[in-house]
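Hello,

Here is the structure we talked about. My notes follow below it.

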Amino acid sequence: KQKTAYEIPKRDWSSDVCSSDLGTVYTATITPTPNTVVSVSVAANAGQDAAGNGNSVSNTLSLTHDNIAPTVAITSNVSSPFNTASFTATFTFSEAVTGFDVTDISVTNGAASAFSAVSGTVYTATITPTPNTVVSVSVAANAGQDAAGNGNSVSNTLSLTHDNIAPTVAITGNVSSPFNAASFTATFTFSEGVTGFDASDITVTNGTASAFNATSSTVYTATITPTPNTVVSVSVAANRAQDAAGNGNSVSNTLSITHDNTPPTVAITSNVSSPFNAASFTATFTFSEAVTGFALGDIDVLNGAASSLSTTDNITYTATITPTPNTVVSVSVAANAAQDAAGNGNSVSNTLSLTHDNIAPTVAITSNVSSPFNTASFTATFTFSEGVTGFNAADITVTNGTASAFNATSSTV
């Protein structure tokens, strides 16, 4: 600080002051230059005693003037946001002060404790925040005083966000289950911005992750390639990523999707065998799994027509097949006529072929004798126009005679 010297002016008292009137004590008001070291002194011979002796040089009175309020800066050992249970606040004054204690610390959303004076200028306190709030720390004016009695000015306000909540992560896919694509995109959405998350943090069962991409600090994507025809599962374990406060994420949901690229099969059967003579028959179409999109028009019928398609479970369908009379009727289903839940089209069915026959077989009777004859018996031959069953001796009507020794030479004779 600057020094300002004041000298009491010299005066001659010899001619007008009697010894009995001589003074010994004088006062003066000293106005210093602000915030300097002010010095006051008296030079020699400024005053004379009754004998005319001038005074000797006085001592020098030096005083420091100080009217500047000490400042106080508040800092901490954590940055915002933070997740610790408490932190240390440091209060640094621009000069040594007295009278500052824990009661002078204003804390919003928290409490101060463990107050300590490191020195006359530096003090510390432990600040315990109300969880997951913005904690503010400040010092009001005149909480501490410097040596000149100046109270401090208002401090800065230290504001820090406390956050001890783990970020969550939700996994979704761009396909539904089941699916038949070679791969799909999984999206990982965090509840707040995180760092440290990469492809190695993704757990995939029955598949692999690739093409990892950070869309933002909260949204990430990856391509998931499943092992064909399995249930692929995607998840993220705890603490694979951290928010700004250092909190690790909680365990994600598990995204489970069934991969299916196997075409459903379809088998066609009927309630009649070949040949048959009914006017129609029922064809049953049995798929290996539930399908949709199968309609009457998907049934290919050669030498006939299909009608009355129905199902109760989308696996087994029935239709009435009316054949062109006395033909070979064929029933089949082409590929991709129906689709399973994953979108796979069916493979080609078998072909059901049945012979329709509603023509009565004829029977011609001949004998080994001509009329008239005189033998005791003769052989009658019954020749059918096609093979038959169920014909026996009881079916032969004989007038004026009897039939015996019945024999089937073949299915027609």
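Are phenylalanine 179 and phenylalanine 184 buried or exposed? Both are buried (buried means under 20% relative accessible area, exposed over 50%, partly exposed in between, with a 1.4 Å probe and protein chains only).

Before the rest, the ground rules. This is a predicted model, numbered from 1 along each chain as its sequence is written; local features need pLDDT of at least 70 and side-chain atom pairs pLDDT 80 or more. Totals for chains, interfaces and linings use all residues, and side-chain values use heavy atoms, with hydrogens and water left out.

**Aromatic rings**

The count comes to 23 aromatic pairs. Rings of Phe, Tyr and Trp (its six-membered ring) pair if their centres lie within 6.5 Å; planes under 30 degrees apart are stacked, over 60 edge-to-face, the rest tilted.

Phenylalanine 93 and tyrosine 123 make an edge-to-face pair, with 5.7 Å between centres and 85 degrees between planes. This pair links distant parts of the chain, 30 residues apart. Phenylalanine 93 sits in strand S5 (residues 87-93), and tyrosine 123 in strand S8 (residues 122-129). Strands are DSSP runs (E, at least two residues), numbered from the N terminus. Phenylalanine 93 and tyrosine 123 are both buried.

Phenylalanine 179 and phenylalanine 184 are also edge-to-face, because their ring centres are 5.3 Å apart and their planes lie at 80 degrees.

Ring pairs also build a cluster: Phe91, Phe93, Phe100, Phe115 and Tyr123.

**An open sheet**

Three strands run in the order S13-S16-S17, with antiparallel pairing. Two strands pair if DSSP finds at least two bridges between them. S13 (202-205) and S17 (255-258) are the edge strands, each pairing on one side only. S13 and S16 (residues 231-236) pair over 4 bridges. Valine 204 stands opposite valine 234 in S16.

**The largest pocket**

The largest pocket holds about 820 Å³ of space. A pocket is an open set of points on a 1 Å grid over the protein atoms alone, where a 1.4 Å probe fits, with protein on both sides within 12 Å along at least five of seven lines. Its volume is the space filled by probe spheres set on the points, which are joined across faces, edges and corners.

Of the 33 lining residues, Ala380, Phe382, Ile396, Ala403 and Ser404 are closest to the centre. Lining residues have an atom within 4 Å of a point. Strands S25 (363-367) and S26 (380-384) each give two or more residues to the lining. S26 gives the largest share, 4 residues.

Best wishes
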